Amino acid sequence: MLEVEKLSSWYGEAQALHGVTLQVREGEVVTLVGRNGAGKTTLLRSLMGLHKQTEGRIELRGRDVSRLPAHRRARAGMGWVQDDRGIYATLTVEENLVLPPRVSDRAWSLDAVYDVFPVLADRRRAPGTTLSGGEQQMLAIARVLRTGASLLLLDEPSEGLAPVVVARIGQIIGQVKESGVGVLLIEQNVRFAATVADRHYLLAQGRIVDALDNDQFVARQQDLLEHLGI
Amino acid sequence: MSDVLQYTVQGLAAGSFYALAALGLAIIFGVLGVVNFAHGAFYMLGAVTAAVLLDTTEIGLWWALLVVPLLLFGFGVVVERLLVQWLLRLDPLYNFLLTFGLTLLLVDLVKRKYGVSGLPYERPEVLDGRFELLGVGLPKYQLFVLIFSIAVCLVVWLVMTRTRIGMIVRASTERPELARALGINVGRWVTPVFGFGVALAGLAGVLAAPFRAITADMGNDFIIILFAVVVIGGLGSIVGAVVGGFLVGLVEAFGQAYAPTYAQILIFVLMAAVVLVRPAGLFGREETA
């Protein structure tokens with residue numbers, strides 16, 4: 001569903017990504033693992049069309065989106081959850097949910113969102129940023145699910161959250177996967193990554209240095225923790 | 001007591017012009033990130049257009065309140081497409097150069113055509129004279145300006161808080177990049193938003209026409225006070241623009257009544273005090289980088 005070929009990105013003169021090639025299939029959860037500064041966030045931003053200095057080919061469900069502006073990539077089915085969750089303070093919880101347009105039949109109804117995330121229903125009239133960190137993460141994920149995105153780009157959804165909330169997010173990622181959505185996930189929490197993902201890409205200095213399936217990943221967990229410093 | 005009521009109404013009426021214009025400035029800054037130094041010139045154009053309409057076609061105040069903002073909206077759209085759109089990719093310095101240069105150009109064009117002596121404007125008879133309130137005779141026109149402006153601010157506020165367009169404007173103001181990543185074509189709203197902001201400045205100009213001297217330079221002092229208003233209210237904040245506008249109007253009116261020499265200075269003292277306590281303004285948000 002997502003085919004990325006030789007994606008390179010620059011910040012001015014400095015090259016941040018060097019010819020990254022990767023795939024995410026339908027109903028597959030894939031993590032990007034690597035140290036801080038390895039280029040993980042730059043990769044997601046480049047996929048989303050938010051990083052201007054980018055070269056390479058990005059195909060979403062057979063369609064070349066690499067020349068499209070960000071809002072058209074979103075409409076083509078990409079759903080981005082940024083690392084700070086990106087909840088609007090000037091919008092209520094419900095407005096945060098209904099702001100993005102629906103992009104496919106897969107789109108969740110507001111009722112479905114409130115069934116799965118009852119806390120959002122209780123706080124629907126409150127400004128988005130009055131929610132707790134975990135609730136904001138739920139809201140950010142619910143917001144892209146409501147659009148019916150076919151590919152989720154999640155930038156460290158577990159960061160800074162209590163274990164019980166992380167587990168809940170793991171369940172939701174599992175449900176999303178069941179429905180055939182592809183998920184590309186940045187994750188520093190190796191244990192969490194091993195519980196939710198099918199495959200893993202190791203990113204170092206802007207290059208994919210290894211691709212592992214989950215069994216290999218679990219077997220090398222200790223080694224990864226030490227050598228990647230993650 | 002009667003003095004206080006009189007100055008309050010006078011201050012709020014003067015504040016109405018600031019509130020309406022600052023509202024336009026705030027919405028433009030929010031969505032485009034452009035600080036529009038030409039806003040005073042658009043205010044002046046509003047007043048001059050109203051005066052010219054009355055003189056040449058006998059279109060009076062009532063129709064001018066509708067027609068002039070529409071004309072200014074059209075003018076704003078042209079200015080945005082022709083000039084302002086190029087700023088969005090450039091260093092903020094160009095923003096100052098362009099909008100300030102535009103001010104000089106518009107002011108001089110109006111001077112060439114209509115001179116410097118000021119155009120006359122007669123208000124409708126029904127707004128002449130005074131209205132008795134609590135035993136105080138208050139100028140009817142000031143009351144009209146006040147009520148009309150509050151109604152316009154209220155409508156804008158309802159649009160901003162209750163409609164999808166308002167939601168998109170708020171989202172694009174707060175985090176434009178995220179709005180795009182969520183599938184919103186922010187660029188499509190830029191031109192109408194600029195036009196709308198210019199129309200509000202023009203509307204303030206029409207309301208000021210029967211009340212102030214209509215000259216090419218009338219926007220020059222206005223824009224300076226207007227920046228004090230948006231700094232006090234919080235740049236980009238819609239509620240802040242309106243509250244700041246009325247607040248500055250009051251300070252100006254009471255200053256002129258009780259300490260005329262210090263009236264202008266008081267506004268900037270207020271601004272400095274607000275910035276010391278709340279650097280982002282009364283209703284502004286601290287940047288979360």
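Guide: Two strands pair if DSSP finds at least two bridges between them. Helices (H or I, at least four residues) and strands (E, at least two) are DSSP runs, numbered from the N terminus. This is a predicted model, in which local features need pLDDT of at least 70, side-chain atom pairs count only at pLDDT 80 or more, and totals for chains, interfaces and linings use all residues. Residues are numbered from 1 along each chain as its sequence is written, chains are lettered from A and ligands numbered from 1 in the order in which they are written, and side-chain values use heavy atoms, with hydrogens and water left out.

Visitor: Which residue does Val29(A) stand opposite in E8(A)?

Guide: Strand E3 of chain A covers residues 29–33. E3(A) pairs with strand E8 (residues 182–186) of chain A in the parallel sense, over 4 bridges. There, the residue opposite Val29(A) is Val183(A).

Visitor: What is the bridge partner of Val33(A) in E9(A)?

Guide: Strand E9 of chain A spans residues 199–204 and runs parallel to E3(A), joined by 4 bridges. In E9(A), Val33(A) is partnered by Leu202(A).

Visitor: How many residues of strand E3 of chain A are buried?

Guide: Buried means under 20% relative accessible area, exposed over 50%, partly exposed in between (1.4 Å probe, protein chains only). Val29(A), Thr31(A) and Val33(A) point one way from E3(A), while Val30(A) and Leu32(A) point the other way, and all are buried. The strand is mostly covered, and the count is 5 of 5.

Visitor: With which side chains does the side chain of His200(A) make a polar contact?

Guide: His200(A) sits in strand E9 of chain A. His200(A) counts as buried because its relative accessible area is 0%. A polar contact is a pair of N or O atoms within 3.5 Å; within protein, one must be able to donate a hydrogen and the other to accept it, and residues adjacent in sequence count only if both atoms are side-chain atoms. The side chain of His200(A) has two such partners, each at 2.6 Å: the side chains of Thr31(A) and Asn214(A).

Visitor: Is Glu156(A) buried or exposed?

Guide: Phi of Glu156(A) is near 50°, a positive value in a residue other than glycine. Glu156(A) lies in the loop between strand E7 (151–155) and helix H7 (163–178) of chain A. Its relative accessibility is 13%, so Glu156(A) counts as buried.

Visitor: Is Gln205(A) buried or exposed?

Guide: Gln205(A) is not a glycine either, yet has a positive phi of about 45°. Its loop runs between E9 and strand E10 (207–213) of chain A. Relative accessibility is 67%, so Gln205(A) counts as exposed.

Visitor: Which are the edge strands of the open sheet in chain A?

Guide: The sheet has 4 strands in the order E2-E1-E4-E5, with antiparallel pairing. Strand E1 (residues 2–11) and E2(A) share 7 bridges, and Trp10(A) stands opposite Gln15(A) in E2(A). Each edge strand pairs on one side only: they are E2 (14–24) and E5 (63–64) of chain A.

Visitor: How much area do chain A and chain B bury between them?

Guide: Buried area is the accessible area (1.4 Å probe) that two parts lose on being put together, summed over both. Contact means heavy atoms within 4.5 Å; this one takes 23 residues from chain A and 18 residues from chain B. His71(A), Tyr88(A) and Leu99(A) lose the most area in chain A, together 31% of what that side buries. Carbon and sulfur atoms carry 54% of the total, which is about 2,000 Å².

Visitor: Which residue meets Arg175(B) in a salt bridge?

Guide: A salt bridge is a side-chain nitrogen of Lys or Arg within 4 Å of a carboxyl oxygen of Asp or Glu. The rule finds 3 salt bridges across the interface of chain A and chain B. In one of them, at 2.8 Å from N to O, the partner of Arg175(B) is Asp84(A).

Visitor: Which helix gives the most to the side of chain A that touches chain B?

Guide: Across the interface, the rule finds 13 residue pairs in polar contact (both at pLDDT 80 or more). Helix H1 (40–48), helix H2 (70–76) and helix H3 (93–98) of chain A each supply at least two residues of the side that touches chain B. With 4 residues, the one that gives the most is H2(A).
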